[in-house]
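Biologist: Please take me through the side-chain contacts of this model, one question at a time.

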Amino acid sequence: MATPSDSPIEEVVFEIEPSRIPKPIPVSLEDLCRLTKFTRKEIRIMYRGFKTECPEGVVHENSIKDIYSKFFPHGNATLYAHYVFKTFDVNCNGAISFKDYLITLSTLLRGSVYERLRWTFKLYDINGDGSISRDEILEIVTAIHELVGRKTHQVEEDRKAREQTDRVFRKLDLNQDGVITIEEFMESCLKDDIMTKSLQMFDL
C-alpha cells in the first residue's frame with residue numbers, strides 16, 4: 001500500500017469524446033519528478049496551490065487571460081494569452097492539466113538555454129509547421145503590443161510592429177529563404193548576449 005507521501009496525484013484531463021467529461025488519471029510523484037526538474041517537496045507545494053486556484057484540476061484559456069490582465073491592466077491580454085495557452089496545452093485539448101503546467105514551468109524555470117529557446121520557438125511557430133514565418137512574428141509582436149497597451153495611434157502602433165518584425169526576421173532568417181527554422185533560431189539567439197542573459201533571468 002502506498003504511503004501518503006507516495007500516493008499518486010490525481011490529474012484531471014479531458015478525453016476526446018463527445019461528453020468532454022473530466023476523468024481523473026493518477027500521476028505519481030515519481031513520474032512528475034522524472035519529467036521535470038522539481039523535487040518531490042516542490043511538486044507537492046505547487047500541486048496544493050494548483051488545486052486551490054483550479055478546483056476542476058485544469059486551467060482554461062480564460063484563466064491565463066485573467067492572469068495577464070492583472071499584470072497589464074491597461075492592455076488587452078486576449079491574443080497573447082491565447083498563444084501562451086497553446087504552448088502550455090501539450091495535448092491540444094483546450095485544458096492545461098497539472099502535468100502540462102508543471103512540465104512547461106520546469107522548462108521556463110529550470111531548463112537549459114536550449115530548452116527555453118525551443119519553448120520560445122514553439123510560441124512563435126503559431127501553426128506548428130516547424131518553422132516561423134514573417135506573419136507569425138508579426139502576430140506575436142502585435143499581441144505583445146496589445147498586452148502592454150497602445151501608447152500611440154493605431155496606425156503608428158501597426159507601423160512600429162511591422163518595423164520590429166522586419167528587424168527580428170532579418171536577424172533570424174540566416175539564409176534569407178523567407179522562413180526561420182529551429183536551427184536558424186537557435187544559432188541566432190545563442191549569439192545574442194542580450195537574449196541569453198534575459199533567458200538566464202528565469203534561473204532559480
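Biologist: What is the relative accessible area of Arg159?

Modeller: This is a predicted model, in which local features need pLDDT of at least 70 and side-chain atom pairs count only at pLDDT 80 or more, whereas totals for chains, interfaces and linings use all residues. Residues are numbered from 1 along each chain as its sequence is written, and side-chain values use heavy atoms, leaving out hydrogens and water. Buried means under 20% relative accessible area, exposed over 50%, and partly exposed in between (1.4 Å probe, protein chains only). Arg159 is partly exposed, its relative accessible area being 31%.

Biologist: Which residues are joined with Arg159 into one salt-bridge network?

Modeller: A salt bridge places a side-chain nitrogen of Lys or Arg within 4 Å of a carboxyl oxygen of Asp or Glu. Arg159 forms one with Glu156, their closest N and O atoms being 2.3 Å apart. The two are three residues apart in helix H8, so about one helical turn separates them; helices here are DSSP runs (H or I, at least four residues), as strands are (E, at least two), numbered from the N terminus. Through shared partners, salt bridges join Arg159 into one network with Glu156 and Glu163.

Biologist: Which helices does the salt bridge between Asp166 and Arg134 tie together?

Modeller: The closest N and O atoms of Asp166 and Arg134 are 2.8 Å apart. The partners are 32 residues apart in sequence, so the pair ties together Asp166 in helix H8 and Arg134 in helix H7.

Biologist: Why is the aromatic pair of Phe50 and Tyr101 classed as it is?

Modeller: Rings of Phe, Tyr and Trp (its six-membered ring) pair if their centres lie within 6.5 Å; planes under 30 degrees apart count as stacked, over 60 as edge-to-face and the rest as tilted. The structure holds six such pairs. For Phe50 and Tyr101, the ring centres are 5.5 Å apart and the planes stand at 40 degrees, so the pair is tilted.

Biologist: How many residues apart are Phe50 and Tyr101?

Modeller: Phe50 is buried, at 6% relative accessible area, whereas Tyr101 is partly exposed, at 26%. The pair links distant parts of the chain, with Phe50 in helix H2 (residues 40-53) and Tyr101 in helix H5 (residues 98-110), and the separation is 51 residues.

Biologist: Where does Cys92, with its positive phi, lie?

Modeller: Cys92 has a phi of about 55 degrees although it is not a glycine. Most residues other than glycine have a negative phi. Cys92 counts as exposed, at 68% relative accessibility, and lies in the loop between H4 and strand E4 (96-97).
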